[in-house]
Amino acid sequence: MIRGIDGVLKGRDTIDGAGVRLYRVFGGLDTVDLTDPFLLLDFFGSNKVEEYINGFPWHPHRGIETVTLLFEGKVEHQDSLGNKGTIYPGQVQWMTAGSGIFHQEMPKPLDESEIPKYNQDPLLVRGLQLWINLPSYKKMTQPVYRDVKRIPKEKFDFGDVSVLAGEFAGIEGPVKVKSDVDPFYIHVNLNGNMTLKVKQGYTVLAYVVDGKARFAPNSPEIGKGNLVVFTRDGDEIKISGNASFIVLSGRPLNEPVAWYGPIVMNTEDQLIEAFEDLRKGTFIRHKEVLFE
């Protein structure tokens, strides 16, 4: 059965971190029921260094996963336990914050020595950050880092597909997350028609990065900056057009959400505990981060 479109969301321009200009596709308690288990999606993109260079300095996270997919530029990241690294175009950092971590993410233009490797404006930094909710029993789990330097990308007659998590046409994504969410995340450059199998009852979202496409038979074209929310009945979606977009899918958690800033729990008491931990200096429950 082919899924239809339940709704189309338009995001808004905002400023976050230490003055980074970005486009918030969705995020907050007003959309969480519609996008469950996905909490927030931000698009960042500018070739004006002053719009991103101050980045996202030290801040805490608890109870979620953050996923940064980079299209252009680079992002340097570091945590409070001394782990650090850099992701470049076509790479991803998938972090399970779990019980708590302090980290920072700093977008940077490419160095002169790095420019020959990437065919892009050297000042341009462009990418997406996604927040995924963790089920209640995993909110206080040990933090995990996954720096993925190579995302499988395959060409098809309709374009190309990069698979971050899940499986498409026999291609397995490199991120293996043991979670009730069962996340699926692909990036598609489409020039034609494609059919995508999805799991019955799962939330399925598509965000248009560039171009226009139809995301259901006889639907109008949906362009850049829009989020498509599919109905939850059906096991496939049909897409046609000339566009770059991501598709997200995950099992809804259907759990209560208590959310303040970078901390997402299930109850107000758990939020109070988290901020008490911050005040007392006991926020970090695990002294090591796992690497997968």
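Student: Asn-254 first: buried or exposed?
Tutor: Asn-254 is exposed, with a relative accessible area of 64%. Exposed means over 50%, buried under 20% and partly exposed in between, using a 1.4 Å probe and protein chains only.

Student: Before I go on, what kind of model is this?
Tutor: This is a predicted model, in which local features need pLDDT of at least 70, side-chain atom pairs count only at pLDDT 80 or more, and totals for chains, interfaces and linings use all residues. Residues are numbered from 1 along each chain as its sequence is written, and side-chain values use heavy atoms, with hydrogens and water left out.

Student: OK, back to Asn-254. Where is it in the fold?
Tutor: Asn-254 sits in the loop between S21 and strand S22 (258–260). Strands here are DSSP runs of E with at least two residues, helices are runs of H or I with at least four, and both are numbered from the N terminus.

Student: What's its phi?
Tutor: Asn-254 has a positive phi of about 55 degrees, although it is not a glycine. For background, most residues other than glycine have a negative phi, and most peptide bonds are trans.

Student: Which other non-glycine has a positive phi?
Tutor: Ala-169 has one, at about 50 degrees. Ala-169 lies in the loop between strand S15 (167–168) and strand S16 (171–172), and it is exposed at 55% relative accessible area.

Student: And the peptide bond from Asp-36 to Pro-37, cis or trans?
Tutor: That bond, from Asp-36 to Pro-37, is cis, with omega near 15 degrees. Pro-37 is in the loop between helix H1 (32–35) and strand S4 (38–46).

Student: Zooming out, how many helices and strands are there?
Tutor: The chain has two helices and 24 strands. Its radius of gyration is 19 Å, close to the 19 Å that the globule rule gives for 292 residues, so the chain is as compact as a globular protein of that length. That radius is taken over C-alpha atoms, and the rule is 2.2 Å times the number of residues to the power 0.38.

Student: What are the spans along the principal axes?
Tutor: The C-alpha trace spans about 55 × 50 × 35 Å.

Student: How much of the chain is buried?
Tutor: Buried residues make up 55% of the 292. As for the surface, the chain exposes about 13,000 Å², with carbon and sulfur atoms supplying 49% of it. Those areas come from the Shrake-Rupley method with a 1.4 Å probe, and for residues only the protein chains shown count as cover.

Student: What share of the contacts comes from residues 24 or more positions apart?
Tutor: Among contacts with a separation of 6 or more, 73% come from residues 24 or more positions apart. A contact means heavy atoms within 4.5 Å.

Student: Rings next. How many aromatic pairs are there?
Tutor: The whole structure has eight aromatic pairs. In one of them, Phe-156 and Phe-158 have ring centres 5.2 Å apart and planes at 0 degrees, so the pair is stacked. Rings of Phe, Tyr and Trp (its six-membered ring) pair if their centres lie within 6.5 Å; planes under 30 degrees apart are stacked, over 60 edge-to-face, and the rest tilted.

Student: How covered are those two?
Tutor: Phe-156 is partly exposed at 27% relative accessible area, whereas Phe-158 is buried at 10%.

Student: And which pair is edge-to-face?
Tutor: Phe-215 and Phe-245 are edge-to-face, 5.3 Å centre to centre with 75 degrees between the planes. Phe-215 lies in the loop between strand S18 (203–214) and strand S19 (222–223) and Phe-245 in strand S21 (residues 236–250), so the pair ties together parts 30 residues apart in sequence. Both Phe-215 and Phe-245 are buried.

Student: Which residues form a cluster?
Tutor: Phe-156, Phe-158 and Phe-168 form one aromatic cluster.

Student: Last one, what does Phe-184 touch?
Tutor: Leaving aside neighbours within four places in sequence, Phe-184 is in contact with several residues, including Ala-165, Gly-166, Leu-196 and Val-247. Phe-184 is in strand S17 (residues 184–197) and is buried, with a relative accessible area of 10%.
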